[in-house]
Amino acid sequence: MVRPECLKVLAAHRTNEIVVSIFKPAFEWRVISPSDLNYTFINAMGQIASHGLGLALAFPERRIIVLDGDGSLLMNLGCLVTIAHVAPRNLIHFVCDNGVYETTGGQPTPGSGQISLAGFARAAGYPLVHEFDDLVEFERALPELLTAEGPVFADLKVVQGTEPYPEEWEAVFSKERQRAFKRAALSSL
Amino acid sequence: MAEPPKGQAILDQLKQAGIEFVVSLPDKMTAGLVDLIVRDPSFRFVPVCKEDEGVSICSALSFGDKRAVLVTQHTGVLDSVNSLRTVAAEFKHPLVMIVGLLTKEPGVKPTESKRVGIRIIEPLLDLLDISHVIVEKEGDEAQIGNLIEEAYSTPKPVAILIGRAVV
């Protein structure tokens, strides 16, 4: 699956979920699905799912979608155990798994093609775990993934797209964006 | 020697400051406090596998106006520097940490400790602009409430350094 295409499919099914993203997927997502409910205030690789857990606890009435990466998740595998233990029903943990460190030039992630991130999530105790490498199948499963009792995990086998997305760091980290997110997230559903 | 800090007094300060979530990895210095917290239904206890997860969880909770505290050993602070760099130095998110200074010599200032890990904690917190107080004896607990208010009103991260095992 081409990642931006995958994100466009997800955007078409998005309603009022908080979406947590970092680095490349964040730059794509802010264009594909602009919203004050986009949370991008992380800037520490490996920490995205932990931010997602904090948001899931802070906003139990909202669904939280995390757009993790394989390199990022490998940096913080313990978060799978923490999340499964806390068991937030409103957390959907997607991993955009391209098997490489895209930002630094495409070096392969350790164990790329040999390990199973879905297997890790299943063993950690996520109750619902999927793996997708076909966009049609992903789209077909999305309604269930977005409404199932979580935490939900899905490994999305993706490749990077060719369409350029501007890397506007200030736009994803700004104080103004943080205030807008907080206002939107705290507003009633 | 003065009496050690009391877990119940710290817990009372946390409650008065509106702390709802306690995120933690086990630490000998604060075990007496965490034992009380785990048994108290007014707190939501979140155990983590690694301390930097806790930095992120507490930071995200603040967006929902939920007050949280990360209870960790000083080694957890050292292990979390990159997460603290973003939350503290870059984003200035509110974060309250209770940090056990395991192996600190009684009565010795942290910066004068023979242990490298203890000696560098306060300078590191200063570099990251993280306010801190030390709680080493009974009565020191009274500083905690004001420091938590500083964290959420500024906003910024703060650290309560536990210099002697809590009882």
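Visitor: At what angle do the axes of H3(B) and helix H5 (residues 81-90) of chain B cross?
Guide: Helices (H or I, at least four residues) and strands (E, at least two) are DSSP runs, numbered from the N terminus. Axes are lines fitted to C-alpha atoms, for helices over the stretch in contact, with angles running from 0 to 180 degrees between N-to-C directions. The two axes come within 8 Å, and they cross at roughly 20°.

Visitor: Which pLDDT do local features need here?
Guide: Residues are numbered from 1 along each chain as its sequence is written, while chains are lettered from A and ligands numbered from 1 in the order written. This is a predicted model, in which totals for chains, interfaces and linings use all residues, side-chain atom pairs count only at pLDDT 80 or more, and local features need pLDDT of at least 70.

Visitor: Are H3(B) and H5(B) roughly parallel or roughly antiparallel?
Guide: Angles under 35 degrees count as roughly parallel, over 145 as roughly antiparallel, 65 to 115 as roughly perpendicular and the rest as oblique. With their axes crossing at roughly 20°, these helices are therefore roughly parallel.

Visitor: Which residues of H5(B) make the contact with H3(B)?
Guide: Two residues are in contact if their C-beta atoms, placed from the backbone, lie within 7 Å. H3(B) brings B:Asp52, B:Val55, B:Ser56 and B:Ser59. From H5(B) come B:Ser83, B:Leu84 and B:Val87.

Visitor: Now to the interface: how many residues does each chain give to the contact?
Guide: On the side of chain A that touches chain B, the elements giving two or more residues are helices H3 (48-58), H5 (78-86) and H9 (175-186). H3(A) supplies the largest share, 7 residues. In total, the contact takes 24 residues from chain A and 23 residues from chain B.

Visitor: Is H3(A) parallel or oblique to H3(B)?
Guide: H3(A) and helix H3 (residues 51-62) of chain B have axes 7 Å apart. They pack at an angle of about 40°, and that makes H3(A) oblique.

Visitor: Which residues of H3(B) does H3(A) meet?
Guide: H3(A) contributes A:Ser50, A:His51, A:Leu53, A:Gly54, A:Leu55, A:Leu57 and A:Ala58. Their partners in H3(B) are B:Glu53, B:Ser56, B:Ile57, B:Cys58, B:Ser59, B:Ala60 and B:Leu61.

Visitor: What radius of gyration does chain A have?
Guide: Chain A has 9 helices and 8 strands, and its C-alpha atoms fill a box of roughly 45 × 35 × 30 Å along the principal axes. The radius of gyration is taken over C-alpha atoms, and the globule rule is 2.2 Å times the number of residues to the power 0.38. For 189 residues a compact globule would be near 16 Å, and chain A agrees, with 15 Å.
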